[in-house]
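This briefing is for a reader who is new to the structure shown below.

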Amino acid sequence: MADTRDLREVYKDTLCTLAEEDKKICIVEADLMNATGTPGFKSRFPERAFDVGVAEANMVGVASGLAAAGMIPFAASFGCFAARRAYDQFFLSGNYSGLKVKLVGTDPGVSAIYNGGTHMPFEDIAMMRAVPGLTILEPCDRRSLEELIRQAAYLEGSVYIRLHRKGGLSLYDENTSFEIGKGVVVREGTDLTIIAAGLVLMEEAVKAVEILEQKGISAALIDMHTIKPLDNDLVLEYAGKTGAVLTCENGQAAGGLGGAVAELLCDTKPVPLSRLGVKDEFGQVGTLDYLKEAYGFTAENIVKEAENLVKRK
Amino acid sequence: MDQNEIKRLEEKAREIRIKTIDVIGNLGVGHIGGCMSVIEVLTLLHYKTMDTDPKNPNKEVRDKLVLSKGHAGPALYCILADRGFFPEDWLYTLNVGGTRLPSHCDMKRTPGIDMTTGSLGQGLSAAVGLALGGRINNLDRHVFAVIGDGESQEGQNWEAAMTAAHYNLDNLIAFTDYNKMQIDGYTKDIMSLDSIESKWTGFNWHTLRVDGHDMAAIDDAVERAKAVKGRPSMIILDTIKGKGCSFAEGVLSNHNMVYSREQADEAIRLLKGEA
Ligand SMILES: Cc1ncc(C[n+]2csc(CCOP(=O)(O)OP(=O)(O)O)c2C)c(N)n1
Ligand SMILES: [Mg+2]
């Protein structure tokens with residue numbers, strides 16, 4: 001039967017499987033357990049599920065202490081609060097201290113919908129990229145999420161995971177393997193390379209490459225589930241092969257995935273580059289469709305960007 | 001307050017409650033629980049206590065309100081519209097793309113909103129700043145703040161509490177909406193606040209505790225708080241999350257609820273006493 005689970009369910013199921021095997025796995029939450037989808041974890045492992053209340057800084061501090069005590073903590077909140085309200089705790093108690101804290105930020109970018117601008121993290125990737133040695137993940141596909149969570153649990157270092165709660169893609173067959181730091185080629189192409197991260201943009205990018213195909217433009221598509229460390233080899237290989245790169249992300253392009261790819265290309269082998277993402281704006285309320293339209297996160301806009309980009313080659 | 005005044009305010013609170021259920025119901029989802037529990041205090045503040053002017057929302061000398069539990073914005077919007085801060089039909093644009101009324105209070109978008117909130121725990125600090133600013137400028141006005149009980153778990157509240165007491169901010173009057181619930185469950189099960197009164201008295205605040213759905217009792221507490229010199233006041237309101245809304249009151253999952261037009265209409269009928 002087809003896997004139709006929401007990504008948060010995949011997250012919870014994976015943590016439960018890991019916790020079954022390993023008594024070190026635990027969760028720390030801040031009154032958003034229902035949103036993160038982890039009540040099922042709490043009912044199975046009540047002694048390893050901590051809800052500290054509405055207190056994100058405390059949550060990450062406690063997670064850091066748990067890590068220092070040898071546990072493997074997964075702490076979660078909305079991305080806006082996980083990143084912004086607990087940044088120093090994550091930076092210092094977690095990363096600077098060399099501890100392994102896995103921090104999950106849900107409701108990335110426009111997926112915060114009715115919670116609006118106060119809750120819409122566009123900046124978390126840029127903030128997190130500035131933390132030395134931190135790994136940043138944003139999987140959009142169910143199997144990749146499961147596998148990357150497993151690897152994240154045992155990675156030597158802290159991890160920030162951008163988790164889209166609802167929906168999810170099943171892009172890959174049984175044989176596809178996933179590795180932190182290695183992008184996945186969703187589709188080959190010759191005229192340009194689209195590098196996307198996260199559910200919102202990947203859904204649209206998959207549609208966009210079909211439309212481009214009909215227009216006679218062959219676009220390669222890469223699922224960049226790891227934003228840091230960036231898969232430099234893959235980016236450079238496809239930049240070389242196709243001669244143009246379009247990045248797509250659900251957040252600020254400056255400092256985000258687009259920023260990472262721009263830095264790499266400028267440092268090595270520049271090719272025409274376009275970065276589709278939020279352009280120095282705050283979030284706002286609306287339905288997902290409204291917000292996708294407002295920030296240009298649509299297949300039509302990706303197609304337009306791609307067409308303009310290939311003209312620059 | 002005489003009996004007529006109490007009656008007038010209670011009637012107004014009923015209207016606002018009905019309007020709020022209707023407005024959120026128009027969208028079909030929203031923070032109904034936390035809106036219902038603050039209807040009385042917001043009504044009292046806006047229809048009796050505070051000096052504000054809908055025709056001149058930014059006049060310099062006025063009382064200010066920081067609704068720190070910003071997710072109760074829709075309840076406040078219903079009051080602001082009724083008072084004439086903006087047209088009534090704006091209410092039905094709640095959370096619609098391009099609206100001036102988002103879920104969480106936004107001072108850049110909405111006339112009558114004195115502080116942007118939504119990231120819990122930040123409002124009391126802002127209220128301290130407003131109170132300090134008012135004092136420096138010799139403005140004989142009060143700053144009011146409303147925080148949630150779950151929200152009180154944010155450490156920043158206690159930093160603000162220390163600051164307000166340190167600076168003897170007797171022009172600051174805060175309320176805790178003590179509805180005993182947050183998102184993940186009952187506050188006592190998630191992260192207990194016991195004993196909440198001794199926490200505030202311990203921080204040197206003049207602390208009162210009253211039934212948060214009893215208009216006369218809240219008013220009495222506010223008058224007593226105003227009379228106190230040299231200390232900020234905290235009025236703990238014992239409330240019920242979802243109060244007065246048939247499908248929400250007492251329901252543990254009433255924080256951010258999806259509900260139908262029929263449910264809204266039924267709740268409104270009951271409030272109107274139409275059975
Ligand atoms: C910093 C921050 N963390 C988390 C949230 C998400 N959130 C919104 S309301 C809420 C629960 C608040 O509980 P309480 O203060 O008791 O509100 P009430 O019961 O009055 O609705 C949470 C966790 C938030 N808005 N801000
Ligand atoms: Mg509460």
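The shell around ligand 1 consists of nine charged, ten polar and five nonpolar residues. In this classification Ala, Val, Leu, Ile, Met, Phe, Trp, Tyr, Cys and Pro are nonpolar, Asp, Glu, Lys and Arg are charged, and the others, Gly among them, are polar. This is a predicted model, in which local features need pLDDT of at least 70 and side-chain atom pairs count only at pLDDT 80 or more, while totals for chains, interfaces and linings use all residues. Residues are numbered from 1 along each chain as its sequence is written, chains are lettered from A and ligands numbered from 1 in the order in which they are written, and side-chain values use heavy atoms, with hydrogens and water left out.

**Ligand 1**

- The site is shared between chains, because residues from chains A and B surround ligand 1.
- Of the 24 residues around ligand 1 (a heavy atom within 4 Å), those that come nearest are A:Glu56, B:Lys69, B:His71, B:Asp149 and B:Lys241.
- Polar contacts here are pairs of N or O atoms within 3.5 Å.
- From chain A, a polar side-chain atom of A:Glu56 is 2.6 Å from a nitrogen atom of ligand 1, and one of A:His119 is 3.3 Å from a nitrogen atom of ligand 1.
- From chain B, a backbone N or O atom of B:Gly118 lies 2.8 Å from a nitrogen atom of ligand 1.
- Ligand 1 taken alone exposes 590 Å², of which the protein buries 99% (Shrake-Rupley method, 1.4 Å probe).

- B:Asp149 is in the loop between β3 (143-148) and α6 (156-166) of chain B, and B:Asn179 is in the loop between β4 (172-178) and α7 (187-190) of chain B, so the pair ties together parts that are 30 residues apart in sequence. Helices (H or I, at least four residues) and strands (E, at least two) are DSSP runs, numbered from the N terminus.
- B:Asp149 counts as buried at 2% relative accessibility, and B:Asn179 does at 6%; buried means under 20% relative accessible area, exposed over 50%, and partly exposed in between (1.4 Å probe, protein chains only).

**Cysteines**

- Zero disulfides (cysteine sulfur pairs within 2.5 Å) are found over all chains.
- The cysteine sulfur closest to that of B:Cys35 is in B:Cys78, 7.9 Å away and too far for a bond.
- B:Cys105 is in no disulfide, and its nearest cysteine sulfur, in B:Cys35, is 9.1 Å away.
- B:Cys35 is buried at 0% relative accessibility, and B:Cys105 is buried with a relative accessible area of 1%.

Key. Polar contact = N/O pair within 3.5 Å; in protein donor to acceptor, adjacent residues only side chain to side chain.
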